[in-house]
Each structure stands twice: as structure tokens, then as C-alpha cells.
Amino acid sequence: MSLLAVRGLRVSFAGGRVPALLGVDLTVRHGQTVAVVGESGSGKTTLARTVLGLLPSSARVLGGSVEFGGRNLLALGERGMRAVRGRSISLVPQDPTAALNPVVPVGAQVAEVLRVHGLASRRDARRRAVELLEVAGFPDAGVRARQYPHELSGGMRQRVLIAAALAGRPDLIVADEPTSALDPTVQRQVLDHLTELTRSSGTALVLITHDLGIAAERAEHVVVMADGEVVEEGPPARVLDAPDHPRTRRLVADAPSLNSTRLNSTLLGPSSAIGETLLDVQGLTKVFTSSRFGAARKRITAVADVAFTVARGETLALVGESGAGKSTVARLLVRLEDATAGRILFDGADLAALRGEELRRFRRRVQLVFQDPFTCLDPRYTAFDLIAEPLRAFGLDASPARVHELAEQVALPVGLLSRRPGELSGGQCQRVAIARAVAPGPDLLVCDEPASSLDISVQAQVLRLLVDLQASLGLSLVFISHDLAVVRQVADRVAVLQAGRIVETGPADQVLTAPDHPHTRALLSAVPHLPRREPA
Amino acid sequence: MKRPGVVLSLLVLAFVVACVAVPGLLAPTPPDRIDPLVMLEPPSFAHPFGTDQLGRDLFSRVVHGARMSVLVALAAASASLVVGALVGLVAGMLGGWLDALLMRAVDVLLAFPALLLSLAVIGILGSSVVNVAVAVAVAGVAPYCRVVRAQVLHVRTRPFVAAATVSGVRPSAVLVRHIIPNAAGPVLTLALMSLGVALLASSSLSFLGFGPRPPDADWGTLASSGRDYVGTAWWLTAFPGLMVVCTTLAVTALHRAVARR
């Protein structure tokens, strides 16, 4: 018998004007792990929220039913749902930082679940919380339980939430992108814990994810959603290996994987010749000093003795976990930060020597593509103004014709140029940001995780765009990413950063297939694996 | 009519603006015409707010007094805004010892109750309408310094500011094009609220006798001169006071509506 049966569920936002779910069916059996995959906007999160009775007030359920253990959850109302949530169905949310109360120790937050459902007395709950944290992978659970969320890492926080989700011994856990905010190695640990615990306790798991690799590795059943509908479902081996529906096929094709090869420009064929050295970084070191009154000065070494070179037309990928110093290197390369020690030679000239107007003119040659396309664009200006800004700043041709040309270069429809960033999608914003970066005609483009905040299919488009631009403009790229599967698609050479130091560097083929350093191996083994047939 | 409070506030403010712009149209009786036949008359159809001890029409005096009250409050609030924004901008952009110095000075200003500070300024400068505006402006400058500085510090770290720098935009242009427009929102909201506060403060100073000299009168002096008759002619203090309260409330309600948006 099925545990959860969603039938013909229709939900819409804004008083019925924005449909979100158009008749969705979903069945979950006791103890089963079901992955719901799809792009953002496909309705996966709306589905999860409907099941939990956590829809925002602007949403309306227009039809269908959600049967859980024989009861229709839609008929329960808020009071009834409160007894269900945490007790019978619980949630592991996406962002562990936002989901924990910052002023309450984590042990108390786990104990709260037991207390509100009357499963334990105050003292009992505290003891049980420690046990639950122990099971969730904290060897020193007694100490951790008294700590506050800010004293734990992102992975630990997510494990706390998993402990809280399991506290009421629910029959079903809904995990909404539980690891998309985490590093790949941490992601693996957290998913291991989650799947192991649900399996051993016989809890069913609905795993919502945009990462097909995770779905393939962890689920017994995969449901693919697109535009508010289920377009395909079945066992992962069947759905992801031999997809029927065109949307599934596109998802699978766009998912980066370690098995893929470097993208080549669609315009010019295999990558153009790599020239002489453009960028030469020697002994680069950055030490941040916290300067607070009264407190002893704390020195944090973000980047230590980093050295690499980039040739004209070449792509060097800097990979590492968050906190490895990747973004600091990016900011040093474009002189948003000054190096503590070491030299950055660009085309033979030392960057540290540049001041004022000289520095400003240098910026024409080295441009940065930021991680988050929404925050790197001033929300008050239109796409047209944003693309024209660097042209005007460097005294270049900023005519509408030139701006339109740039928009076409990044495949941004000219009709969107009158819109502001808030009215554009993430992918469109990133195209505007890339157009800004290539506008002054740089030699080197530093890309700091340019696609990591985007959907898989949009990510694939942005990566292809970067590769095409590189070929047509003869750009050198420094490509920063934590995602080795993405790096596989764009990099000629790879440098692996760990705690501010480069631990391994070499040609992409070599580093990503036969790594020397244990850290590189750990990063590689953490990449979720998507079974894939050889491209026909 | 989803928000009756906002509509009511706008109506009150429209009346006040009309008083400031065309007082003669609203109250055709000259405010200083003395009529011994109707001394200390209670509100009636001919004299909606009653008359004072010299038989002057109080409604006309209140309508004509609006200009002085509102202009002093506007001048004070604008001066606070300009000076406070400049100080906040300098502190936020330059940082370091200058920031520390300016912010400690602001702390000192905040340490005194606003009215006490205004009285001290008047004590130094002497009493006149202009000095009332200056005194109110000095007392109101500190919140602007704080808010503008906090906004600048916040906006400065937003990625689009770094992006503009990388795009070769000159530092002065980054300030004008990106930092100031994005920092302005909460500051303008604060300006609306401080307009109400300035009206209350300048009326208080006038009430204490530092405002315009007779026969000119703003709402504060009107309420003050009615004090001697408070037992027999309540309308002399009630109506000017009511105007101050209603205008301040209307501005504050509007501030809340804007701030919530």
C-alpha cells in the first residue's frame, strides 16, 4: 500500500493567474526513496510545500488530493497539519542556515520537535536530542548540543536539521534540495547520513533535487517534472539512461559529468592555438588582519604562496572547496584586493605597481564575471545602461548599435535590453554580466563560479557561451569552480586549491582522470555520478 | 478604499498645503482685524474656531499661521537631511579615524534630549524664527548621519559596486551612479518622519516664546497666547494644538505607509 498518494494536484499562485502545478500525480511507498528532479520553476518545491501544508498565502489548491496513510491532508486544515508535520511528515530544508534559530542551541532545537508533539518530557527530550545528534554523525554530540548554529559548519547544520527531521520518527521525510548549499565533499557526507538513516529506520524519503547525479545514486524511483507536470517517471537506470521525454533528454544532456569532454566552440571548431604566457602569478599571498579595538589582531591567511601561469587563449580552472581561497585569488587578479606578498605579472607588467588612473585603464584588459548574476548588477539600471556602462567608462563607442552587437554576442534578445535585472531571469542576468565583461575587449576573463547559481540547462548555455566567446575573441580564462564536472567541460589546465595553497596542477585530462594528490581524489570521488551512455 | 488612514492623511496634508499656498482663499477675514464686538466668542458659524481676546478670527489666524509653522519645519528638516547626509556619506565612504570622530560627535548629539539641545542652540544664537529652524535642524541631524552611514556601508559591499569598479567606472561616478541612489530609499523615508518631528519641535519652541513676534503668529505662539484664557476660552489653545497634532500624525502615518512598502 502506498504511504503518500498525490492525485491530480493543481495549485496556482496570485489568485489563479500563475499556474504552478497542473495535475501532478506522485506515489511513495513505505520506506521508498523517490527523487523529484526538474529545473527551477518546474514546480518541485510547490509540490513539496503542498504535501507539508506550507504553501504561501498567495497560493491556492485548485484541485486534486494528497492522501497520506489513508487521510486526505488537504482537508486537515492548519491545526490538523501541525500534528502531522514533524510527527508523520518532516522536512529537511534547502538552506540550513536560514532554517535554524540563531539564538537557540542546536540541541534545544532538536528537542523542540519531541516537546511540541508530546513525545518526551523536558529532561527526556534533552537527552534524546543528544542521542539523535549522535546518530546524525556527531561523535561529540553532548558538546555540540549546547552549541549555537554559528559555531557549526554548513554541513553540520544540515545534519542537525536531519536529526530534527528524524526526531519524531516520521514515516516520510521531504528533503528540498538538502545539499545544494554545501560543498561537494560535505554534500556526499550529508547525503550518506540522510539515506542511511532513512533506510535503517524504514522512513520514506522524497528527495527534491536539480542534480541528476544525486537522483541516480540515491533514489529507487525518479520523477521528472517540467512546467508543473510530471513528464516522466520510473527507475533511475531507465529514466536517466534512456529518457523518453524530450525535457528529460535535455536535462540529462545538460548535466555536466566527469565523463564529458571539453566543450569546443560551435563557431570555430576545436580550440584555437594557445599562445605565449599572458598572466604569470608568483608566490601570491593574502593575509587578512581583523582590526578590532581592544581585541588581539587575528591574522587569517586566505591565499598562501600561490603560483600559476595562463597563456593566451587558454583556460585555467581553479578548483577547491568553499573557503579554499578561490574567490580571493579572483579578487586579487582584478585588483579588488591588494596582495600581501607575491607578484602578478600581466603581459609583463606588475599589477601591484598600478595606481589611480593607470589602474583604471588596466581594468580594460582584465575583466571579472561574478558568481551571483543578480547581485552584481545594479538593480536601478536597465540592461542597456548596464552594458553601456563599461563602454562609456573606458571612452569606447557606446552607441545603441554597439550595445546591440554585444547583446547579440551573448545571445541576449535585444528586446530585453529595456528591462531591469529584477525583470530578467538568472541566465539572462548572467548574459548581461558577461556582455559587460567582454564589452571593453579584455584579454583575460576571470570567471568566479559563473554558473553555479543557475539551473543545469541554463548553466550549460552559459558555459557554451563562454567557450564560444573565448574562441571568437581569443580570450584567456581563469575559471573558478567547486564543480569538477563543470570544470571538465571548459578547462585546459586545472589547479587544485586547498586551504589557500595549490596542491596539484596540470592538464585537465591528467588531473581529473589520474589525480596525484589525495585532496583532488576526495573532490573527484564526491561528484555524484550519472550513468550515461556514450554519446551517439 | 483599501487604506482609509492613508487617504485621511493625504486629505489633512492637502488642507495644510492649501493653508500655506493660498490662505486668503480659505479664510477671507484678515487674521489681524480687531473686532471688539466679538471678543472671546466660542466657535460659531461665523467664526468656526471662535475669536480671541481682541476679537480676531481664530480660524483665519490658524490658516495664516500655517505658512510660518510649515516653512520652519520644512527648512529645519531639509537642513538636517542635507547636513546629516553629507556627514554620513563622508563617514561611511572614508572610514578610519574621521568616521570614528564624526560618529562620536553624533553620539554626543544623541545623548541630549532634542528639545534641550534646541533650547541650548537658541540660548547661544538668540531667539528668532530663523534660529528656531536652526535649533530644530541641529537636534534632528543625528539620525540622518547614522542612517546614511549605515546605508553607505551596506551598499558599498554589494557586488555591483565592485562590478562597477572592475568595469572601469571612476570612484566619483560609482558614488553618484551606484552608491547614493541605492542608499537613498530609507533616508527619504526617514525625511518624511522627521518632518513631523520638526513641526512638533518648532511649534514647541514657539510655544515657549522663541518663535515669531506679535502680531505674526504660528501655531505654537497661538496656542501659547491662548494659555491665559484656558479656563474660559478653551478653543484658543485647542485648535492651534489640534492642527499641530493632526499634521504631525498625518505625516507620520504617511511615513509608515511608505516605509512598509
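Reader: Which residues point one way from β9(A), and which the other way?
Author: His221(A), Val223(A) and Met225(A) point one way, while Val222(A), Val224(A) and Ala226(A) point the other way. Bear in mind that this is a predicted model.
Reader: OK, and are those residues buried or exposed?
Author: Buried, on both sides. Six of the six residues of β9(A), residues 221–226, are buried, so the strand is largely enclosed by the rest of the structure.
Reader: Which way does β3(A) run relative to β9(A), parallel or antiparallel?
Author: Parallel, with four bridges joining β3(A), residues 33–37, to β9(A). To find your place there, Ala35(A) stands opposite Val222(A).
Reader: And how many bridges join β9(A) to β10(A)?
Author: Five, and those two strands run antiparallel. β10(A) covers residues 229–234, and its Glu233(A) is the bridge partner of Val223(A).
Reader: What about the hairpin of β9(A) and β10(A), how many residues sit between the strands?
Author: Two residues. In that hairpin Asp227(A) takes a positive phi near 50 degrees.
Reader: Switching to chain B. Where is Gly168(B)?
Author: Gly168(B) is in the loop between α7 (159–166) and α8 (171–207) of chain B.
Reader: Why does Gly168(B) count as buried?
Author: Because Gly168(B) has 24 C-beta neighbours inside 10 Å, and 20 or more is the cut-off for buried.
Reader: Which residues is Gly168(B) in contact with, leaving aside its neighbours within four places in sequence?
Author: Chain A residues: Arg360(A), Arg363(A), Arg364(A), Pro390(A), Ala393(A), Phe394(A) and Pro440(A). Along its own chain, Ala184(B) is 16 residues away, and the two C-alpha atoms are separated by 24 Å.
Reader: Back to α8(B), then. At what angle do the axes of α5(B) and α8(B) cross?
Author: Roughly 55 degrees, and the axes come within 11 Å. That makes α5(B), residues 114–125, oblique to α8(B). The crossing is right-handed.
Reader: Which residues meet there?
Author: From α5(B), Ala114(B), Leu115(B), Ser118(B) and Ile122(B) meet Ala201(B), Ser204(B) and Leu205(B) in α8(B).

Methods
Residues numbered from 1 in each chain as written. Chains lettered and ligands numbered in written order. Predicted model: local features only at pLDDT ≥ 70, side-chain atom pairs only at ≥ 80, totals over all residues. Buried ≥ 20, exposed ≤ 12 C-beta atoms within 10 Å, placed from the backbone. Contact = placed C-beta atoms within 7 Å. Pairing = 2+ DSSP bridges. Axes fitted to C-alpha atoms, helices over the stretch in contact; angles between N-to-C directions. Parallel < 35°, antiparallel > 145°, perpendicular 65-115°, else oblique. Left-handed = near helix turned anticlockwise from the far one by under 90°.
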